[in-house]
Amino acid sequence: MAGMGGIAFFGLMFSLVGLWEFRARRLGSPQEVQTDLGLKVMGTVPARPNTKGFTDAEWDAALNEAVDSARTVFLHTVHQQRLRKVMISSATGSEGKTSLSVRLAASLARTGRKVLLIDADLRSPAIHGYYRIEDRPGVAEVLRQEVPVKDAIRRLGTSQLYILTAGRCDSTALSYLAVDGFKRLLDQVKDQFEMILIDSSPVLPVADALLIGRYVDGVLMS
């Protein structure tokens, strides 16, 4: 009786954990992204080791190597499907979408391609902080038609990477985003660059990414 009770208790706990995992719908590996969601995995980035001897320079080199590998797969898909405008998003915040956007854009520019990186996360912009540049004029000012888009785009040094920051967001800019303001913006720049990467807001908290997604050729989820 005691033995049967122990087995039953173990079975019950195992079933509850299994049910919790199923209800949580969390992804634990790249393979689950493909099997459970049916999405193609472009690449992975390593988790930072918890070792004292691992320097920031080594971590930066490891990330760049991982993104360069993902770039190879990404470009293969780009050529196959003729993608030029690609949005990068995530389910929620703090899942690495902006880091991926910045590093992938730099990786593409290193191959000699003329790349435009747009910060379309108007509510929580971050790209200007990565490059330590002014956040305006940017997308919001272009949407409000305060400046032409050509005056808001900045080139990073002598590289092939160009940046369009988010600018100062307000209700007017968001209202233009909800109609066709972002489409007009993309129409003005699409012929000037070989690749346009758009760092959007996360999908679940707000609808901005869904609005922008109507005008892009493909989406990368971080």
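The sections below give the basis of the values and then take each topic in turn.

## Basis

The model is predicted: local features need pLDDT of at least 70, side-chain atom pairs count only at pLDDT 80 or more, and totals for chains, interfaces and linings use all residues. Residues are numbered from 1 along each chain as its sequence is written, and side-chain values use heavy atoms, with hydrogens and water left out.

## Sheet

Six strands form an open sheet with mixed pairing, in the order β3-β4-β2-β5-β1-β6. The edges are held by β3 (154–155) and β6 (218–221), each with a single partner strand, so one side of each has no neighbour in the sheet. Helices (H or I, at least four residues) and strands (E, at least two) are DSSP runs numbered from the N terminus; two strands pair if DSSP finds at least two bridges between them.

Strand β1 (residues 85–89) runs parallel to β6 and is joined to it by four bridges. Within this pairing, V86 stands opposite G218 of β6.

## Largest pocket

The largest pocket has a volume of about 1400 Å³. Its lining comprises 40 residues, of which V33, G43, L220, M221 and S222 are the closest to the centre. A pocket is an open set of points on a 1 Å grid over the protein atoms alone, where a 1.4 Å probe fits, with protein on both sides within 12 Å along at least five of seven lines; lining residues have an atom within 4 Å of a point. The volume is the space filled by probe spheres set on the points, which are joined across faces, edges and corners.

At least two lining residues come from each of α2 (30–37), α3 (56–81), α4 (97–110) and β6. The most come from α3, with eight. By class, the lining has 22 nonpolar, eleven polar and seven charged residues (Ala, Val, Leu, Ile, Met, Phe, Trp, Tyr, Cys and Pro are nonpolar; Asp, Glu, Lys and Arg charged; the others, Gly among them, polar).

## Backbone details

R136 and P137 are joined by a cis peptide bond, with omega about 0°. P137 is in the loop between α5 (127–131) and α6 (139–143).

R82, in the loop between α3 and β1, has a positive phi of about 55° although it is not a glycine.

## Helix pair

α3 and α4 pack at an angle of about 70°, with their axes 9 Å apart. The two helices are therefore roughly perpendicular (65 to 115 degrees). Axes are lines fitted to C-alpha atoms over the stretch in contact, and angles run from 0 to 180 degrees between N-to-C directions.

Note on methods
Angles under 35 degrees count as roughly parallel, over 145 as roughly antiparallel, 65 to 115 as roughly perpendicular and the rest as oblique.
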